[in-house]
Amino acid sequence: MLEKIFQKLKFHKSKSSRDTFSEIFRIKYEHFRELLNANAELAKIIADIEEKLQGHTIFGMSYVRSQAVQAVFYTLRMVKSLNALANNKYFLLVTVLEGLHSSIKEEIEKRKESPIVALTLPFSEVNREMVDWVGAKSANLGEMLNRLHLPISPGFAITTRAFDLFLQENNLIDEINKKKIEFGGAAPETINILSKEIQDLIISAPVPPALGEAILAAYDHMMGTFPRERHDDLVSRVALRSSAVGEDSELSFAGQYVSVLNVSRDKIIQTYKDIVAGLFAPRAISYRFSKGVRFQDIAMGVACLQMVESVASGVVYSRHPFNPLENHFIITALWGLGPYAVEGVITPDTYTVAKDNAHTILQTTVAIKPRQLVSNPDGGLKEVLVSGEKQGHPCLSPEQIKMLAEYAGRIEKHYGAPQDIEWALDKKENIFLLQTRPLRLSPGDQQKMIKNIPQQTEYSLLVENGAVAFPGVGFGKAFVLHSDENLSNFPEGGILVAKHSSPDFVIVMPKAKAIVTDTGSVTGHMASLVREFGIPTILDAKNATRTITSGLEITVDAYSGRVYQGKVPELLNLQINKEPFFKDAPVYQALKRVGDFIVPLRLFDPKAPEFSPEHCKSLHDIMRLVHEFSYAEMFQISDLVSDVKGGALKLDAPLPLDFYIIDLGEGLTGLSENTKKVTVDKIVSVPFRALLQGMLHEDLRFQGPRPIELKGFFSVMSEQMFSNPQAAERFGERTYAIISDKYLNFSSRVGYHYGILDAYCGKSINKNYITFSFKGGAADDVRRNRRARMIAFILKALDFSVEVIADRVDARLKKYESSVIEEKLDLLGRLLQFTRQMDMLMDSEASVETIAKKFLEGKYDLEF
């Protein structure tokens, strides 16, 4: 089954192997890169599911199915890539994934949706739990009418069952799929052609008689409920608004689909087809493609509303759209019908209203409104001029402003989150609500929001420009973590400050008021956990561990990414308490059950016995394990180069090494077919260039022989002459660098020691890492161990996690910005040069720390 899913969604392309080492390495690297990309996509899916599990957003069962399928797909892609790297060593992961996939399918199928057979439903029978059957716009209209008893324009919903019937009766599902296969790809010109051909199919297809009759019967019933005197031509017109599954809910499809105003009875059926065809408009196809929404998971409902011949219309934001410090209602209004209000064609009046019991009007800004939209008697809309005196007149009276604020407050309280509400005022001064949806911020508005949280200048600023993993404000005493062993001492109500993010911090999250780390990614494993616990968290704060000391009282502003010394009441009052209104919905419970097999992370410590395939209980566990194991597999790629005879180019650089390069692609530039040697200026691989910069450091470049300490010299000689030949393995004499533009695997096996380094350095913090191992030497065991501990001392000071066993050092650094990775690689290059022939200098325990400190101070001459 998993193979079928993989083939169905497949965009992985395997390459034929050539009998060259370069091609073998290149294939391994492609699998590794594919694994990293799948890891990044899976992290986004998990983060999105976690957001929905907060219970603040309406979504449908199509969302649950779509995210589950995508999550399984990317997990399978990671597992396949790892097994390709490791010669199928981790085949058990496939079995584990099969089991999780079966459990996910079982949970999805448990929710047997009540089959809605009706093709239309009056809004009096609709609520938000019916989002899968009427779409989000209609579901929200029914919710406002039936549970909040607010005035909406009269109307009915054309259900997604009607959409399914229309497609089935015309065999459009197969035809659309054929078109998609025929065109493929996501290039703009391809999407435009695909869109036109699918839309032509839909518009030319007949509406099944049963569907046409049901729509017109619902229309006639609606019109029959009005008093006879209201049956003038304009009152009999309707607005048909798209109500796609997903629209106005889990994804902001705003503006992607079609709505048509002022439709007469004889045009309703054709307009319905136009709106269905809008599901395949170029911008809608592109949007779904960018969000990973599959065709199988979309459906178009339509809201049919009696046309409000608006005197005025506009929007209410239940809080400021990009200034979180301003918790007021913002109302905009202009003359005529609504499209100009939401499209920004005319500058509207703006009213700011307080969230007090009296709905005090705090500010009124009246704009000049020279034009307005009105209904055209022949259908559609037309623009007319506003009379001169009326242009500068307010659209709303104070009573109407307060009424809109009162409605918005009730809607926000009901949904437990800020809302974006459209309204209209008719000729009799009746207010009608046309739709509500969650107030969403565009990336530009989010930047405005951050800028609109002013720096609290009366408080000392300790951190700024951090990345927000979970928003909020936290106050408490800082607990600066210097070693993971200290986590057991973390106090209740403390604020954790650490150098890097780690899922190990989960053990203190129930007690933490906030978390701040110098490095980390908002899509990383720890970010997922803080969202689960709801802890205000700032990552990538750069220097928090240097500017914050343990015991210091601090306020963490995880809206703007700042940390202040002391208590900042103005920010503590900023917290938005959002009620999880959707948690009782059956579809939420379905996502929670499915999410239990996707989201939780239980495997934290790679050294723990349970860090193995058989202990994976979720897709997140598999993701963590595969990501960790992939480092080890790439690290071992250097073992393949020991027998390389050809396919490598010699490095031409002033280094005392027999140095060869294997380019996997885009690591070198300016070479010809006959090139045998490579100079440093031809190297464009970011991590390799950084490493070489350190190895060629001017203070190490022309370094002479190490000063000889006689006891150390005789230790080396006696070890070589008298010890067991197996006691000191002599490695090969060549040094290799396997490179691409962002990747480096470096192996230096010279004499009796070796160093291996594996690194990725790109724009994505989540992908970036360095692993480093050093072992061996020609001296006795004691001196080799001292050198290992000296190297470990240095690496710990450079923020690596380090382990020392005998004369071997293993170190890792991950999830740092590329600039930091480059800096560390430069220092590792210096360290590789610095530690040559170091055995004989390690004559005492004191030498371990003494020599390490000299390196960290940049004193490489070792003259005592």
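**Reading the terms in this model**

Analyst: Histidine 359 is found in the loop between β8 (349–353) and β9 (361–365). Helices (H or I, at least four residues) and strands (E, at least two) are DSSP runs, numbered from the N terminus. The model is predicted: local features need pLDDT of at least 70, side-chain atom pairs count only at pLDDT 80 or more, and totals for chains, interfaces and linings use all residues. Residues are numbered from 1 along each chain as its sequence is written, and side-chain values use heavy atoms, without hydrogens and water.

User: Why does histidine 359 count as buried?

Analyst: Buried means under 20% relative accessible area, exposed over 50%, partly exposed in between (1.4 Å probe, protein chains only). Histidine 359 has 15% relative accessibility, so this residue counts as buried. Its phi is also positive, near 50°, in a residue other than glycine.

User: How do you know that the length of helix α3 agrees with its number of residues?

Analyst: The expected span is 1.5 Å times one less than the number of residues. For the 25 residues of α3 (residues 61–85) that gives 36 Å; the end C-alpha atoms are 36 Å apart, so the two agree. Just after α3, asparagine 87 takes a positive phi of about 55°.

User: Why is α3 called mostly covered?

Analyst: Of its 25 residues, 21 are buried.

User: What makes strand β3 mostly covered?

Analyst: In β3 (residues 238–244), seven of seven residues are buried. Val238, Leu240, Ser242 and Ala244 point one way; Ala239, Arg241 and Ser243 point the other way.

User: How do you know that β3 pairs with β4 and with β5?

Analyst: Two strands pair if DSSP finds at least two bridges between them. β3 has three bridges to β4 (residues 259–263), in the antiparallel sense. Valine 238 has valine 263 as its bridge partner in β4. With β5 (residues 300–306), β3 has seven bridges, again antiparallel. There, serine 242 stands opposite valine 302.

User: Why are β14 and β15 called edge strands?

Analyst: Eight strands form an open, mixed sheet in the order β14-β21-β20-β16-β17-β18-β19-β15. β14 (461–463) and β15 (467–470) each pair on one side only. For β15, the antiparallel pairing with β19 (residues 537–539) has three bridges. Valine 468 has isoleucine 538 as its bridge partner in β19.
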